[in-house]
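Let's take a friendly walk through a protein chain, from a pair of neighbouring strands out to the whole fold. Have a look at the picture first, and then read on.

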Amino acid sequence: MTADELVFFVNGKKVVEKNADPETTLLAYLRRKLGLSGTKLGCGEGRCGACTVMISKYDHLQNKIVHFSANACLAPICSLHHVAVTTVEGIGSTKTRLHPVQERIAKSHGSQCGFCTPGIVMSMYTLLRNQPQPTMEEVEDAFHGNLCRCTGYRPILQGFRTFTKDGGCCGGNADNPNCCMNQKKDHTQITPSPCLFNPEDFMPLDPTQEPIFPPELLRLKDTPQKQVRFEGERVTWIQASTLKELLDLKAQHPEAKLVVGNTEIGIEMKFKNKLFPVIISPAWIPELNFVERGPEGISFGAACSLDSVEKTLKDAVAELPAHKTEVFRGVLEQLRWFAGKQVKSVASIGGNIINASPISDLNPVFMASGAKMTIVSRGTRRTVPMDHTFFPAYRKTLLSPEEILLSIEIPYSREGEFFSAFKQASRREDDIAKVTCGMRVLFQPGTTQVKELALCYGGMADRTISALKTTRKQLSNFWNEKLLHEVCASLAEELHLPPDAPGGMVDFRRTLTLSFFFKFYLTVLQKLGKEHPEDKCGQLDPTFASATFLFQKDPPANVQLFQEVPKGQSEEDMVGRPLPHLASAMQASGEAMYCDDIPRYENELTLRLVTSTQAHAKIKTGRPVRCMLDRDEDMLITGGRNPFLARYKVGFMKTGKVVALEVEHYGNAGNSEDLSLRVVGRALLHMDNSYKIPNIRGTGQACKTNLPSNTAFRGFGGPQGMLIAEHWMSEVAVTCGLPAEEVRKKNMYKEGDLTHFNQKLEGFTLPRCWDECLAISEYHARRSEVDKFNKEHCWKKRGLCIIPIKFGIDYTLSFLNQAGALILVYTDGSVLLTHGGTEMGQGLHTKMVQVASKALKIPISKIYISETSTNTVPNTSPTSASISTDINGQAVYEACQKILKRLEPFKRKNPRGSWEDWVTAAYQDAVSLSATGFYKIPNVGYSFETNSGTPFNYFSYGVACSEVEIDCLTGDHKNLRTDIVMDVGCSLNPAIDIGQVEGAFVQGLGLFTLEELHYSPDGTLLTRGPGTYKIPAFGSIPTEFRVSLLRDSPNKKAIYASKAIGEPPLFLAASIFFAIKDAIRAARAQHGGSNTKELFRLDSPATPEKIRNACVDKFTTLCITDVPGNCKPWSQRV
């Protein structure tokens, strides 16, 4: 048969593709065919949001135009027939006018490297097209499918808060509780800083000025849809228009896959190399898109999107009596954390069911509720309940090859019926469940006697299962503590997992099945209002109530404090002012160019890597070669941060004073040396963190293993060494029975002390940071509040911790502490600046322009910067070790001084002249207007052999206080509040420096609580992308996030009295880790029968699994799995 033409619109322009290939994604088409590179390839699996676009179409069922976000990396172009696509280039540009969304993320400092920025812009833009004045909760929900590695998320949320109903920061000009200047004052008398941006500068949002839906597509709304077919080399795509067509096609091609959103099939084709020769799309068929309230429940066509299901059920919950919506609320709880908007907007409810994933979020809920499935084929129709027979095997359903799922009816709940749904994953937003479940109980009328009980689980077998042995035993029993004990014991036996079960985490998963039932048991008791005075559980002791609370997070609140520039500083002198990142507008508009955005050459080749232990190819082509690693390839071949193991002995007095320490450090280098020896070396130089230890010995070894070669990451070994230090310091405090903050302060260095590598501490501002952090965080008052909370809550515990850092600044390899710069001044007065550092989002170019502006005393509008290149500045040092601003800034300054010295005679001749006058006069006098600058850090160098020399130019200091709340039953944790005081000297740019503090902190949050690599026993990496390797998301950051830059702390050893900022703040996130450990200690003291002085091991990262397993209680003791000596585990952790 002849293939049809594919017709769709992109940014208002019609696209007609005569040879549409079903295997081509929208992302590939945009970038390769249309040359629109603003939409980025981040992960290729729809989990990072870098490829987000807006899809608009006329919805025939709703009779209106609808807009929704989608992942271009998963959307086949064949699914876009007669729709309109809007990319970041289509809403605004720096050449014409930025859209308010683009402007606000740029001016509120919400962009650093900028790679994720276009996707975040499009998620927000789509929200505003549907809801011009959203709530803050809706803003946060819109970003469940977006990730950012640099910013720490706070500035993005703060900038976009200005679109919301409750507004945002008003610059102190209104009575607004969200204003950063409307904060309660404390005795430290720190005067509020101006905001980092002024919302009054923003363009207003005018919904009437948005691009219109293409009239040509609108005219088609009354034209009957007809079947279309697209033929590729390997795959045929057929878009059916009627149910009859669909059933006929399924009879002709029984093995064909039905695709609506392609959120699962697309991943299988890309990552599992599966081929589906025939794909049928039923998205247009009315019978598969209907929604209907019936007498027994609400029915949804199988092609209904999860987003539309969610909206329908929310309306039903608001309108119907509470007793009828128990199941609906369970479904909504699962959908709340199911995925990002980009997935929920296109993924169908039927696809989720038929996919038959053993860790499905929804199938256990449907099974427990007794949802009814209507299944049809050509000539047959049947309705079956989703019960334990619906999934006969792994990824199988009871449908025959010719059958399709037509609809699902989700039932109303009845009087005396209660329902709950639970899910536990590594991260709340957009994460795959470890265990998920639906639980339902129906009582005999007017009693608490069980008539029906359903406990259905995902993540406990190769399919969704029902715990039938357990539930059948409890029929006619009463809902009391006896039933609780029997169910838990029975579940532990029935839902057994072998120690080598796929997915690993065996004890954790088994414990969750009991924890979830306990939560359900308490929730039902609470709803029943049942009281048994003689029974602690029966009367629902108030300390148990928090176990029933669903996960909630308050809207983010934040404060940023920094020192204003001195009065009288010239308006043109931008040093010390919060200047936005120079590239932010281009990043927000999608115009910033990254490596794979370089236009394609006609004769270019593509390089693909093949993993092997030997080199097999020699390439000398003489042609351009493009290599763009997919995220899974990148993670597979690139090592991560060096994991460390430490063995230590520490000697201390009863007072908590440490007198001796010995630590052996072992760094996992992987299969080659790389930078691992130097990483271990820096760990040794930071093994003291901030503490004076009279007798100390540290050794370190880089260990060769059969893993990809590990390498340096932000912190370069410092965080590993400091985490070990804080571990033994906290253990000392626990053993002595003393407050941890007291023991830390008692052992802290003082001005003039010598470190263990014999460097004298000068300008030691850490005590100031410590005292200020204690004060602004209200530490002692909150410590009492935490203790009070822990006494009043049995199954939720809070922890509080304050951590200092001392981070050495410069390269320990001394010859790298050099930099060069080139200044070119043109006759019109413009200046071109080049330096040896690489801009990677940290704001280095911006700071260099500020330095040059101050040095030359000209406005930044006259200064342009050229990308780093060795044909202008040779022999550049790596942009790392946090010193790039120090050395390149000083080199720029030196070059500027040369120019100024040459201009001096002309300034004396014409003192009232302008910069342009002096430059013109110099040119006419044949004076050189170009100059190089060079700088090296003086008097640094260190020998490990003799333990002598000066390894660091100076130290950066900071303190963080964090409070967390853990769920002792699931291992979940919430980051409630973090207060940071950071010494950055005299900040060159407070917005960039605060952004670096927050970004580093959130990266550290990932390091210490989320990011965990899993390898197979033979060394194959299992965590290869955002689906399995979890970095912090928008909801991971502390609800209250307060950052203060220490005032009046000039640093005489760096440019304009500033300090390095890139790496030091990362370790401050250890305050979260040790706050979690503090909360676990409270839980163990209550449930595990241990005293508060008992030591226990908690390895980093503190994932939900480790938190739950450490909270020893009656449920964990039922789920201890015996591991035979010859057992080969599913995964190894390093």
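## A strand with two partners

Strand S33 and strand S35 (residues 1040-1045) run parallel, joined by 6 bridges. To find this pairing in the model, which is a predicted one, look for Ile980, which stands opposite Val1043 in S35.

On to another partner of S33. Strand S32 (residues 954-967) is antiparallel to S33, and 9 bridges hold the pair together. S32 and S33 make a hairpin, with 5 residues between them. In that turn sits Gly971, with a positive phi of about 90 degrees.

## Inside or outside?

How many of the 10 residues of strand S33 (residues 973-982) are buried? The count is 9, so S33 is largely enclosed by the rest of the structure. Here, a residue is called buried when its relative accessible area is under 20%.

Strands of a sheet pair through backbone hydrogen bonds, either parallel or antiparallel. In a regular strand, side chains alternate between the two faces of the sheet.

## An open sheet of four strands

Elsewhere in the chain, 4 strands form an open sheet, and their order is S15-S16-S17-S18, with antiparallel pairing. Why is one side of S15 and of S18 left without a neighbour in the sheet? Strand S15 (417-425) and strand S18 (465-466) stand at the edges and each has a single partner strand, so there is no neighbour on one side of each.

For S18, pairing with strand S17 (residues 450-458) is antiparallel and covers 2 bridges. Within this pairing, Cys456 has Ser466 in S18 as its bridge partner.

## The whole chain

Now step back. The chain holds 29 helices and 36 strands. Its radius of gyration is 31 Å, close to the 32 Å that the globule rule gives for 1134 residues, so the chain is as compact as a globular protein of that length. Along its principal axes, the C-alpha trace spans about 95 × 75 × 70 Å.

Of the 1134 residues in the chain, 58% are buried. Among contacts with a separation of 6 or more, 74% are between residues 24 or more positions apart. The chain exposes about 46000 Å², and carbon and sulfur atoms supply 52% of that area. As for charge, there are 130 positive and 123 negative charges, and their mean positions are 2 Å apart.

Key. Residues are numbered from 1 along each chain as its sequence is written. This is a predicted model: local features need pLDDT of at least 70, side-chain atom pairs count only at pLDDT 80 or more; totals for chains, interfaces and linings use all residues. Side-chain values use heavy atoms; hydrogens and water are left out. The radius of gyration is taken over C-alpha atoms; the globule rule is 2.2 Å times the number of residues to the power 0.38. Buried means under 20% relative accessible area, exposed over 50%, partly exposed in between (1.4 Å probe, protein chains only). Contact means heavy atoms within 4.5 Å. Accessible areas come from the Shrake-Rupley method with a 1.4 Å probe; for residues, only the protein chains shown count as cover. Lys and Arg count as positive and Asp and Glu as negative; His and the chain ends are not counted. The place of a charge is taken as NZ of Lys, CZ of Arg, CG of Asp or CD of Glu. Two strands pair if DSSP finds at least two bridges between them.
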